Amino acid sequence: MDARTRQGGKKKCRECNQFEDLDEDMRCTTCATPEDKLEECRTCKKKVREIDNGIKCDGCKTWNHIGCEKVGKNYYKALKEEDGATWFCKACKQTILSSFGELRKLRNDNKQMREELQKVTSNTENINERVNNIEDRLNKQDEDTVEKTTSKVLERIEQVEIVQKSVEVVLQRLEEKQQREKCKKNIVLYNVPESKQQRLQEKTDEDILKCRDLFENSLKVKQFKIERVLRLGRPREDERNRPILVQLRDENEKWSIINNARNMKYETDPEKKKIGISKDLTKEERDAEKRVREELREKRRNGEQGWYVKNGTLHRTQGTRNRY
């Protein structure tokens, strides 16, 4: 019997020295797998082989060595034995904790807004009840009194309308706040060529690769994580490129990319040179920016020089004179 054969007929792999079913080159399935087919460890970037005690994150779906993530062997063994067990890497745990904090803050804000809305609604109901009582008394009064009381009723009605408008303003502010919360981690890219692939997933994967290449190589941003990409609008008949909405891991990554957008002036690729980068704005913010830019164009048409837009408002360079 071969010295490398043990009970069960399995032989010892010539590379990893494990007793497995071998191929014709005396290598086990793991060692015979090409390097480019193995997953990379998120931390050390080395390949994760079957014998390396690897573990896959249920959040970002990346593989890790248990040593790189400091996972104890007993805990690792328990995870393997437990059906349906989940595990998250350090980066995903931090993201989850941050998301919980933001969600808790948003819930508290919503609770406060609902309480304020309840007070306004209660005041409206009281006013309506008083108006109804006045209308009942009107039927019992003479004409002289009716004229005076009618005036008071009209005043009450005006108060009700004012309260109703206040309710609408509160609701609009709440909706705007929620929209800004959704947009705070997003950026929008313009003039990024669209994929020619047929399947939606393949198009999305190609857009993610283009975004990563732009952020890393053109903007020189290294720390970021793309959570989601989405082409805005339906495909255009004129084949113009639709904008891409990019959702990042947090707000700091968004500002890092926007602040580094000035590096685009050094870009030599003519296709990348056309790409524009902006924040993801709510409808109210877009309307406000549109009004400011229209005001800027009007000033320039009137010969007023030195005006520019910054942070959504008009500013003027000091020492600039008008030219007529």
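Student: Which residues form a nonpolar patch on the surface?

Tutor: In this predicted model, the patch consists of Ile96, Leu97 and Phe100, and together they have about 280 Å² of accessible area.

Student: Where does Leu97 lie?

Tutor: Leu97 belongs to helix 3, which covers residues 90-138.

Student: Does Leu97 count as buried or exposed, and why?

Tutor: Leu97 counts as exposed because its relative accessibility is 56%, and the cut-off for exposed is over 50%.

Student: Turning to helix 8, what length does it reach?

Tutor: Helix 8 comprises 19 residues, 283-301, and reaches 27 Å from its first C-alpha to its last. That is close to the 27 Å expected at 1.5 Å a residue.

Student: Which residues of helix 8 are buried?

Tutor: The buried residues are Val292, Leu296 and Lys299. They cover an arc of only 60° around the axis, so they sit on the same side of helix 8.

Student: Why do residues three or four places apart point the same way?

Tutor: An α-helix has 3.6 residues a turn, so residues with that spacing point the same way.

Student: What do the buried residues of helix 8 pack against?

Tutor: They pack against strand 9 (307-310) and strand 10 (313-316).

Student: And which residues are exposed on the other side of helix 8?

Tutor: Lys283, Lys290, Arg291 and Arg301 are exposed there.

Student: Which residue with a positive phi follows helix 8?

Tutor: Gly303 follows helix 8, with a phi near 85°.

Student: How many helices and strands are in the chain?

Tutor: The chain has eight helices and ten strands. Of its 324 residues, 27% are buried.

Notes:
Residues numbered from 1 in each chain as written. Predicted model: local features only at pLDDT ≥ 70, side-chain atom pairs only at ≥ 80, totals over all residues. Heavy atoms only, no water. Patch = residues over 30% accessible without salt bridge, like charges linked within 9 Å, V, L, I, M, F, W, Y side chains within 5 Å. Areas by Shrake-Rupley, 256 points an atom, 1.4 Å probe, with all protein chains shown as cover. Salt bridge = Lys/Arg side-chain N within 4 Å of Asp/Glu carboxyl O. Helix = DSSP H or I, 4+ residues; strand = E, 2+ residues; numbered from the N terminus. Buried < 20%, exposed > 50% of the residue type's maximum accessible area, 1.4 Å probe, protein only. Expected span 1.5 Å × (residues − 1). Arc of directions from axis to C-beta. Contact = heavy atoms within 4.5 Å.
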